[in-house]
Amino acid sequence: MDTPIFDFAGQYARDGATRAHMPGHKGRGPLGCEALDLTEIKGADSLYEADGIIRQSEDNAAQLFGAARTIYSAEGSSLCIRTMLLLAAMRARQNGESDLWILAARNAHKVFIQTCALLDLDVGWLWDESGSFSLCRSIARPETLERVLRNANHLPIAVYITSPDYLGNENDIRGLAEVAHAYGVPLLVDNAHGAYLKFLPESRHPMSLGADICCDSAHKTFPCLTGSAYLHISPSAPPEFSEFAKQAMAQFGSTSPSYLILESLDRNNRYLAEGYGAELLACVEKINGLKKNLAGMGWQILPSDELKLTVEPRGMGYTGDSLSDLLANHRIICEYSDPDNTVLMLTPSNTDEDFERILRAFSEIPPETKSESPTLKLPRPEVYCSPRQTLFAPRKCIPVEQSAGRVLAAVTMSCPPAVPAVVCGEIIPDEAIPVLQYYGTQEVWVIT
């Protein structure tokens with residue numbers, strides 16, 4: 001597969017032309033990558049008006065993922081999430097709809113909430129009905145979605161799902177898509193953690209399962225620079241999504257996108273086209289072997305997507321955070337931890353030495369007295385006002401233990417996992433205080 005952006009940048013660097021243009025480093029500097037760091041010079045195309053090498057590269061990516069259109073983001077899936085929501089809102093407005101709202105699973109990233117505030121979208125929640133509570137996990141069932149849509153006074157502009165989540169849980173995207181489409185509602189998927197799912201022996205990527213539009217963080221599971229992401233639009237999606245996608249992304253994106261990131265995405269296309277599926281399968285087999293060995297030692301391994309190793313270590317006497325610290329002592333830096341879970345993300349770029357180090361580290365961590373997780377359950381908070389109203393409301397920061405009964409003014413959860421336990425505009429219930437404290441929140445912003 002050709003790599004037009006990567007080739008252009010490489011040739012420009014080799015030509016040695018005098019750079020009487022931005023960036024100011026002029027292709028020279030201490031990082032070693034400056035020669036490839038360009039701006040929108042002649043021939044380099046322009047991300048939001050792409051009709052040259054960037055459009056050619058995006059078309060290559062669309063072919064790989066089975067999309068009608070793929071658009072690059074140099075600002076991660078966060079920019080793609082904003083774009084998806086704006087596209088859904090633009091389509092609804094063009095169809096004469098007003099009083100816009102969107103239906104989402106509760107484990108939505110805080111960028112989702114912030115964008116709803118910017119676009120003045122009300123939010124309805126698809127609650128996980130399993131009876132358990134985890135900050136990251138929220139499984140939306142097709143039958144729940146059908147019931148909510150059937151009973152809605154008017155339909156949402158879209159259904160929004162996060163899958164896989166930080167712990168590796170996946171939703172039934174195919175089933176959710178079938179229900180949403182039966183009501184004429186598009187399905188949007190935050191697939192930031194699941195770009196690789198397209199290249200499994202049986203694809204579980206949203207583009208293969210019926211989603212209308214989704215985002216992939218290429219840097220999470222592919223060998224791409226941080227900030228690399230794809231926005232994929234399905235062949236069966238509303239035509240407005242493809243027509244207005246670049247305009248929508250330009251509303252939020254920097255007018256100076258990183259060409260290093262665009263080159264990384266471009267070069268990744270060739271990597272995916274030339275044997276990645278076999279590399280992925282070999283990596284998955286290694287991860288499965290590692291999981292089996294750790295389970296044999298007594299570690300509880302939770303079900304997850306293929307490239308995550310999710311450990312619930314309390315049976316061995318550790319919290320997720322303390323296990324992460326112990327692994328760091330063995331020079332193993334985990335992707336995520338919270339009081340209950342430790343998550344390692346592995347890819348074909350990890351070496352056999354990495355797998356051996358992980359296995360050795362776990363074998364050298366002695367079991368301690370088993371500890372139990374506290375029982376946490378977050379009731380469904382009462383909505384006081386919309387996210388948009390909180391955006392401009394006067395606010396102050398107070399200790400979380402004093403916040404019961406107050407209206408949350410801003411999302412307080414850091415990234416990772418950036419999933420709020422209480423959403424801005426909701427009244428903080430008494431039962432939410434221990435949940436917020438459990439996940440490390442000490443102060444919250446509330447409306448005054």
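This is a predicted model: local features need pLDDT of at least 70, side-chain atom pairs count only at pLDDT 80 or more; totals for chains, interfaces and linings use all residues.

Me: OK. Where does helix 9 bend?

Reply: At A245. Helix 9 covers residues 239-252, and the bend is about 55 degrees.

Me: Which residues of helix 9 are buried?

Reply: E240, F241, F244, A245, K246, A248 and M249. So the list includes A245, where helix 9 bends, because buried here means under 20% relative accessible area.

Me: What covers them?

Reply: The cover includes both helices and strands. Among them are helix 2 (53-65) and helix 3 (76-94). Strand 1 (69-73), strand 6 (213-217) and strand 7 (229-233) are also there.

Me: Stay with helix 2. At what angle does it pack with helix 10?

Reply: About 40 degrees, with the axes 10 Å apart. Helix 10 is residues 259-273. That angle makes helix 2 oblique to helix 10.

Me: Left-handed or right-handed crossing?

Reply: Helix 2 passes helix 10 in a left-handed crossing.

Me: Which residues make the contact?

Reply: From helix 2, I54, S57, N60, A61, L64 and F65. From helix 10, Y259, L262, D266, N269, L272 and A273.

Me: New topic. In what order do the 4 strands of the open sheet run?

Reply: The order is 8-9-11-10, and the pairing is antiparallel. The edges are strand 8 (300-301) and strand 10 (336-337), each pairing on one side only.

Me: How many bridges between strand 9 and strand 11?

Reply: 4 bridges, in the antiparallel sense. Strand 9 is residues 308-312 and strand 11 is residues 342-345. L309 stands opposite L344 in strand 11.

Me: Which strands does helix 12 touch?

Reply: Strand 9, strand 10 and strand 11. Helix 12 (residues 320-329) packs on the sheet, at about 45 degrees to the direction of strand 11.

Me: And which strands does helix 11 lie across?

Reply: Strand 8 and strand 9. Helix 11, residues 276-296, runs at about 15 degrees to strand 9.

Me: Last one. How do helix 11 and helix 13 cross?

Reply: At roughly 10 degrees, with axes that come within 10 Å. Helix 13 is residues 352-364. The two helices are therefore roughly parallel to each other. Helix 11 brings C283, K286, I287, L290, N293 and L294 to the contact. Helix 13 brings D352, F355, I358, L359 and F362.

Terms used. Residues are numbered from 1 along each chain as its sequence is written. Side-chain values use heavy atoms; hydrogens and water are left out. The bend at a residue is the angle between axes fitted to the seven residues ending there and the seven starting there. Buried means under 20% relative accessible area, exposed over 50%, partly exposed in between (1.4 Å probe, protein chains only). Contact means heavy atoms within 4.5 Å. Two strands pair if DSSP finds at least two bridges between them. Axes are lines fitted to C-alpha atoms, for helices over the stretch in contact, and angles run from 0 to 180 degrees between N-to-C directions. Angles under 35 degrees count as roughly parallel, over 145 as roughly antiparallel, 65 to 115 as roughly perpendicular and the rest as oblique. A crossing is left-handed if the near helix is turned anticlockwise from the far one by less than a right angle, and right-handed if clockwise.
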